[in-house]
Amino acid sequence: MRAAVLHEIGQDKLEVLDDVEAVGFGPGKVKIRVRATGLCHSDVSAMNGVLPQPAPFIPGHEGAGEILDVGDGVTHVKPGDRVLMCWLPSCGACPACKRGQTQLCLAGFMNAGTPNFKRPGGDVFGFAGTGTFAEEVVVDAGCAVPIPDDVPFDIAALIGCGVTTGLGAAVNTADVEAGSSVAVIGCGGVGISAIQGARLKGAAQIVAVDPVASRREAALRFGATEAVAPDELADAKQRITAGEGFDYVFEVVGKSATARTAYETTRRGGTLVVVGAGALDDFLQLNMFELFFDEKRILPSMYGGGDVLTSYERAIALWRAGRIDLASLITHRVPLTDINEALNQMRTGVALRTCIEL
């Protein structure tokens, strides 16, 4: 079958090959025919080594498709069912799951260390235990989440990661108060979803911050009340909050420099939400006095900061009701053979989300 492979960490292009096979099928597993997958910035971060990932590997973790086969013991799906892929399935039995923090379950990460593809030359890993830049994939049954017939594969794919992450950061993690002021630093697909979440929660001012003009323009269409370049943020803080700072600031870049800016842009007693996935060796510096004196809440948000199955259902309900716009998040579409074009669209910032159609 066809798949896009990164041979070594640090390479900037994927090679589309026809000699890849999905492996590992058996009890507790499902085989999925991927129909649509989104390109998430985490895929690029894994390619360049920011996020740990063994190689060679097939990127992609934001996907949807049809069940081809199910292993023994799998009862919640059957061949022909339409599903989205959850890259972080919960086990239901660990301490995190029992506390209701299923997004912190580590069981799904165990899949990332087991190759689920192979080529004539050896094993190939799937990113985050999935690897949706492939026509077929074998994953743990918990990764396959049934979707209603009226949800298109491309919309379902977005809900599988970017939408759930951004929307949940505003709705679950921050629990944005109505009438509050919000700034979102980084306005790709996840940042735009955080903007939509803040709008849903009733934020009065939502300032979108991004260096790319087209993304700033898009943010206004999705609910931002103002959009500024990074060097204009200080002025926006002064104008909108009289210099005090925003009630909520979302960092959706994953770098210590933007996290520090986000901290300084948050008012005393306000909330900084860290959504971006950064590197192990990129350290955020805070002094102990400001940490104590300013009483700012720093809230990391992992996969939307809530039960992902509940978050999926909520996103579908809001999409059906027209309360959130998911179709417009997809600004570009390419076939798998043009995956490197999608990478360029991501790196240059011209795309909010590129859908790879298989």
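The structure is a predicted model, in which local features need pLDDT of at least 70, side-chain atom pairs count only at pLDDT 80 or more, and totals for chains, interfaces and linings use all residues. Residues are numbered from 1 along each chain as its sequence is written, and side-chain values use heavy atoms, with hydrogens and water left out.

I begin with the helices. The axes of α5 (residues 162–174) and α6 (residues 189–200) come within 7 Å and cross at roughly 40 degrees. The two helices are therefore oblique to each other, given that angles under 35 degrees count as roughly parallel, over 145 as roughly antiparallel, 65 to 115 as roughly perpendicular and the rest as oblique.

I turn now to the aromatic rings. The whole structure holds three aromatic pairs, with ring centres of Phe, Tyr or Trp (its six-membered ring) within 6.5 Å, and planes under 30 degrees apart called stacked, over 60 edge-to-face and the rest tilted. F57 and F127 have ring centres 6.2 Å apart and planes at 50 degrees, so this pair is tilted. F57 has 0% relative accessibility and counts as buried, where buried means under 20% relative accessible area, exposed over 50%, and partly exposed in between (1.4 Å probe, protein chains only).

W87 and Y303 have ring centres 4.6 Å apart and planes at 25 degrees, so they are stacked. These two residues are 216 residues apart, and both are buried.

How values were computed: Axes are lines fitted to C-alpha atoms, for helices over the stretch in contact, and angles run from 0 to 180 degrees between N-to-C directions. Helices (H or I, at least four residues) and strands (E, at least two) are DSSP runs, numbered from the N terminus.
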